[in-house]
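Here's a quick tour for anyone meeting this structure for the first time. Take a look at it, then read on.

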Amino acid sequence: MSEKVEFFQTLDPQNKCGILSENYELSLELENISLSDYSPNVVRSSEDIARMVFSPLHIDEDGTIKASAFDDVRDKGLSVHRLKYTKSGTLKIIGDAMASNAVGAGRSHRDYIGYVKALTEDIRKLMEGEQRLFCVYDTAKEEEKSHADVCAVLLVSDNPNLGKKAANKQRRKRLQELFSPLIKDT
Amino acid sequence: MIRTPTTMIVAASLGIASSNSTSIIRENIIGAPSSISILTDYSIKTESPFLIQYEKSETISDKYFISEKEDNDLIKLHSLINSYEKLSNDWDGYNGVAPERSTINATISFLDVLMRQSIQTPKSMLSGSGEISLYWDAENTYIEIGFEDDAHYTYFVNNNGEEFGKDDYPLSESIPNSLLKILKTFSV
């Protein structure tokens with residue numbers, strides 16, 4: 001295992017994006033490396049990725065996903081799935097399993113209600129000046145080979161009128177604008 | 001339903017109900033009328049991923065100082081924000097946490113300040129971190145005001161490409177003029 005992969009795999013899972021944002025150049029390099037032993041390969045810019053949705057609180061009345069649904073990009077990583085590596089119905093199976101696991105773990109019942117998708121290239125194109133805002137990493141899991149993560153790798157802004165928290169709101173709004181309305185997965 | 005005299009005074013000062021209104025359950029008058037929280041016991045039924053429907057525990061009088069639509073929108077919003085407290089851990093499927101009651105109260109108080117400024121009722125959203133945000137999203141303008149605790153808020157504005165914001169602005173301070181100016185473009 002390369003040193004860089006080991007570095008990534010030992011990051012605090014609750015703040016891996018926060019730590020990566022402090023290592024901007026390395027963050028970009030890691031996109032070109034498979035970061036998991038279960039990986040099919042790195043996430044291509046031509047791939048669609050999907051964010052599964054479990055709460056109607058994240059969906060507006062017109063089916064649009066709300067910006068707050070992307071808050072994880074700044075710390076834990078926005079957990080997504082590569083649609084290229086999900087067969088028809090796979091997302092629903094994963095989503096239903098996640099919902100069932102929550103109940104089994106003593107948490108309240110929730111339902112998998114669908115997903116929103118975006119093109120990886122569009123996410124990677126989001127910039128502030130000459131710097132990229134987001135990276136998309138191949139973080140396949142043994143049971144979910146399609147798993148990937150989106151991380152915000154630039155948390156501060158060149159705009160002196162935006163503090164870090166306000167900049168985060170800007171980032172997730174820009175990300176939200178790239179995603180489709182909710183796709184109900186049946 | 002019978003309203004208490006205190007409720008009538010409060011309602012009149014907020015300008016949202018007349019003496020003909022039925023009771024609005026209130027608690028915790030935390031200062032001057034500018035800081036009153038309106039708490040009601042709404043329950044929520046979720047019937048579809050796109051629409052959260054509410055059971056109102058009050059009715060609104062035929063005399064109000066805002067439009068009926070705004071009145072209904074505001075009640076729905078109050079209900080929604082208050083309901084966040086009932087969320088369980090992992091409510092979003094990604095280990096999301098519910099906001100604190102104090103954060104909810106702060107958001108509602110701020111919302112009431114906006115209402116007195118005749119600002120259009122915003123939408124709300126909730127992050128997995130427990131932050132409650134109020135937001136307005138029009139063609140060329142986006143405003144988001146987020147509450148992570150009961151004493152501060154963070155706002156972000158994009159107005160025709162011009163962006164500004166502020167982290168952890170004290171709730172005790174007047175709304176910044178730059179923010180208020182943009183908010184008033186969403187006047188009722």
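How many salt bridges are there between chain A and chain B? The count is eight. Keep in mind that this is a predicted model.

## Where the two chains meet

Let's start with the overall picture. On one side, 39 residues of chain A are in contact with 40 residues of chain B. Together the two chains bury about 3,200 Å², with 53% of that on carbon and sulfur atoms.

## Salt bridges and polar contacts

One of the salt bridges pairs A:K173 with B:D137, and their closest N and O atoms sit 2.7 Å apart. Between the chains there are also 19 residue pairs in polar contact.

As for which parts of chain A are involved, β1 (48-53), α4 (90-104) and α6 each give two or more residues to the side that touches chain B. The largest share, seven residues, comes from α6(A). Sorted by class, that side of chain A has twelve nonpolar, ten polar and 17 charged residues.

## A closer look at A:N159

Now zoom in on A:N159, found in the loop between β7 (147-152) and α6 (164-176) of chain A. A polar atom of the A:N159 side chain lies 2.7 Å from the backbone nitrogen of A:N161. Leaving aside residues up to four places away in sequence, A:N159 touches A:E128 and, over in the other chain, B:E163.

Definitions and conventions. Residues numbered from 1 in each chain as written. Chains lettered and ligands numbered in written order. Predicted model: local features only at pLDDT ≥ 70, side-chain atom pairs only at ≥ 80, totals over all residues. Heavy atoms only, no water. Helix = DSSP H or I, 4+ residues; strand = E, 2+ residues; numbered from the N terminus. Polar contact = N/O pair within 3.5 Å; in protein donor to acceptor, adjacent residues only side chain to side chain. Contact = heavy atoms within 4.5 Å. Buried area = accessible area lost by both parts, 1.4 Å probe. Salt bridge = Lys/Arg side-chain N within 4 Å of Asp/Glu carboxyl O. Nonpolar A, V, L, I, M, F, W, Y, C, P; charged D, E, K, R; others polar.
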